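Let's take a look at a metal site and some charged pairs. Here are the sequence and the model to follow along with.

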Amino acid sequence: MAATILIVEDEYAVARGVQYALQQEGYEVTVAPSAEDGLKVAEELVPDLIVLDVRLPGIDGFEALRRLRTMGSKAPVLMLTARDEEMDKVIGLELGADDYLTKPFGLRELMSRIKALLRRAYGDLADAAGGRQIRHKDLVIDLERRRVQRGAKRVSLTATEFEILRHLASRPGRVFSRRELLELVRDYEALDQDEKTINVHVSHLREKLEDDPGEPSFILTVRGAGYAFAER
Ligand code: CA
């Protein structure tokens, strides 16, 4: 799963053009036609980056940005402005925008700004945008480098823990029985043949990944069946 990007823009042609270009690069893109919709989506989807137009019907882009930050969103925001005065305001008010582009802009310019923002915010993991990486909220599983991060923090896992997480997270919502997980990961360690050994690894994983291991939000227990990774 690639980085997710939210575009808040009421001009259909601009929104579609940007969405298409970003999708070609492998990003997952959601479009919201108003600030009200955008704020709702931002809360549910927790996008990795937001492209926010200044001129929107209803709440404008400046106010939307202020509310985003109040809401606790730390996603980098690229503002789209129509005039130089607006640009001055973006810079002058220090609203917490990370970059801006004045319309009309070229898609190539937009793309390079977006890539730079993602790299700045998420480090080298952003290089794999569209590549072999799984993201859920602020959890990033880099399949190629076999690295796991929560936000900016690196999470160190054993080979078996990584494999269990990889299998679960590759198919969110799919329930894996303990027996099945044992079969999938047994090559990584001389594992005890007892299925209960999976419980031990899952509990270690939760301690490392979850805010509250007792109320997991990533690796869920499916009573009587096994484990499943949370769906978006
Ligand atoms: Ca607009």
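## The calcium site

Along the sequence, the donor residues of the calcium ion follow the spacing E-D-E-x41-D-x1-R. The protein donors are Glu9 (OE), Asp10 (OD), Glu11 (OE), Asp53 (OD) and Arg55 (O), and they lie 2.1 to 3.0 Å from the ion. A donor here is an N, O or S atom within 2.8 Å of the metal, or 3.2 Å for Na, K and Ca; water is not among the atoms, so sites may look incomplete.

For the cut-offs, buried means under 20% relative accessible area, exposed means over 50%, and partly exposed is in between (1.4 Å probe, protein chains only).

## What the model is

This is a predicted model: local features need pLDDT of at least 70, side-chain atom pairs count only at pLDDT 80 or more, and totals for chains, interfaces and linings use all residues. Residues are numbered from 1 along each chain as its sequence is written, and side-chain values use heavy atoms, with hydrogens and water left out.

## Salt bridges

Side chains of opposite charge can pair when their charged atoms come close. The rule used for a salt bridge is a side-chain nitrogen of Lys or Arg within 4 Å of a carboxyl oxygen of Asp or Glu, and by that rule the count comes to 18.

## Pairs in and around helix 3

Arg67 and Glu63 form a salt bridge at 2.9 Å, N to O. They sit four residues apart in helix 3 (residues 61-70), so about one helical turn separates them. Helices (H or I, at least four residues) and strands (E, at least two) are DSSP runs, numbered from the N terminus. Arg67 is partly exposed at 36% relative accessibility, and Glu63 is partly exposed at 24%.

Asp98 and Arg69 also make a salt bridge, at 3.1 Å, N to O. This pair links distant parts of the chain, 29 residues apart: Asp98 is in the loop between helix 4 (84-92) and strand 5 (99-102), while Arg69 is in helix 3. Asp98 is partly exposed at 33%, as is Arg69 at 24%.

## One more pair

Which residue does Arg174 form a salt bridge with? The partner is Glu180, with the closest N and O atoms 2.7 Å apart. Arg174 is partly exposed, at 25% relative accessible area, and Glu180 is partly exposed at 25%.
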